[in-house]
Amino acid sequence: MLGIVFSCVLSLIIGISCIFSYFYLQANDSIELLYSFMRISSFDLTLGINIDILSTISGAIVSIKTLCTYIYSIFYIDKEKSLCQYYGLLNLFYLGMLGFIFSPNLFQMFVFWGVISAISYLLIGLERENDIVSKNSQCAYLTNIIGDITFFTGFIILSNYIDSLHLNH
């Protein structure tokens, strides 16, 4: 129960900080924390965080929605046998969403999209005993794989035309 309360408080803090960041940033401002991860000739792959107006609004929406999901789940899944697994997966899903929102480049967005796809498969198929739930989780995963392949194809095509996958360039 302490972990659930901690997750709720953390989600609330992140949501409030995103709202305050929205009011702090000007229209064209952007805060970036970048780390050069890999350099191949003129191609530079950076990892980091990009905070701008759009990401703060999206971060606040995702945080508030996740907080509502936590609160709803306390009453809905209180007698579930896989409660720890459910909240662990929900926290990983929330982390993947925030990673996707605050990504500074397309590569990092692709990685977090894959995390979100895998965690959604695990969340949907949490009750493996039910055949309908198992089939629905497989259907959702196949849909996400199609999205991953499309995203990766666009990623490869775009990387052939530009030198940087950075979103602000």
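Analyst: A helix axis here is a line fitted to C-alpha atoms over the stretch in contact, and angles between N-to-C directions run from 0 to 180 degrees. The model under discussion is predicted.

User: Take H2 and H3. What do their axes show?

Analyst: The axes of H2 and H3 cross at roughly 170°. They come within 10 Å of each other.

User: How do you know whether H2 and H3 are roughly parallel or antiparallel?

Analyst: Set the angle against the cut-off. Over 145 degrees counts as roughly antiparallel. The crossing of H2 and H3 is roughly 170°. H2 and H3 are therefore roughly antiparallel.

User: Which residues of H2 and H3 meet?

Analyst: From H2, the list includes Ser55, Val62, Thr66, Tyr70 and Ile74. Among their counterparts in H3 are Tyr86, Tyr87, Leu90, Met97 and Ile101. By class, this contact has 10 nonpolar and eight polar residues, with no charged ones.

User: What is serine 55 in contact with, leaving aside its neighbours within four places in sequence?

Analyst: Serine 55 is in contact with Asn50, Ile101 and Phe102.

User: How do you know whether tyrosine 87 is buried or exposed?

Analyst: The test is again under 20% for buried. Tyrosine 87 has a relative accessible area of 6%, so it is buried. This residue lies in helix H3.

User: What does tyrosine 87 touch, not counting residues up to four places away in sequence?

Analyst: Tyrosine 87 touches Ile4, Tyr70, Ser73 and Ile74. Tyrosine 70 is 17 residues from tyrosine 87 in sequence. Their C-alpha atoms are 8.2 Å apart in space.

User: What makes up the largest nonpolar core?

Analyst: That core has 19 residues. Tyr70, Tyr86, Tyr87, Leu90 and Leu123 have the most contacts inside it. Helices H1 (2-24), H2 (53-76), H3 (83-101) and H4 (106-124) each supply at least two of the core residues. H3 gives the largest share, seven residues.

User: What is leucine 90 in contact with, leaving aside its neighbours within four places in sequence?

Analyst: Leucine 90 is in contact with Thr69, Tyr70 and Leu123.

User: What makes H4 roughly parallel or antiparallel to H5?

Analyst: H4 and helix H5 (residues 131-161) pack at an angle of about 175°. Their axes are 8 Å apart. With the cut-off at over 145 degrees, that angle makes H4 roughly antiparallel to H5. The contact of H4 with H5 has 15 nonpolar, seven polar and one charged residues.

User: How many helices and strands does the chain have?

Analyst: The chain has five helices and two strands. Along the sequence the pattern reads α-β-β-α-α-α-α.

User: What share of the contacts in the chain join residues at least 24 apart?

Analyst: It is 63% of the contacts between residues at least 6 apart in sequence.

User: What share of the 169 residues in the chain is buried?

Analyst: Buried residues make up 34%. The accessible surface of the chain comes to about 10,700 Å². Carbon and sulfur atoms account for 71% of that surface.

User: What box do the C-alpha atoms of the chain fill?

Analyst: Taken along the principal axes, the box is roughly 55 × 40 × 25 Å.

Note on methods: Residues numbered from 1 in each chain as written. Predicted model: local features only at pLDDT ≥ 70, side-chain atom pairs only at ≥ 80, totals over all residues. Heavy atoms only, no water. Core = buried A, V, L, I, M, F, W, Y, C linked by side-chain atoms within 4.5 Å. Buried < 20%, exposed > 50% of the residue type's maximum accessible area, 1.4 Å probe, protein only. Helix = DSSP H or I, 4+ residues; strand = E, 2+ residues; numbered from the N terminus. Contact = heavy atoms within 4.5 Å. Parallel < 35°, antiparallel > 145°, perpendicular 65-115°, else oblique. Nonpolar A, V, L, I, M, F, W, Y, C, P; charged D, E, K, R; others polar. Areas by Shrake-Rupley, 256 points an atom, 1.4 Å probe, with all protein chains shown as cover.
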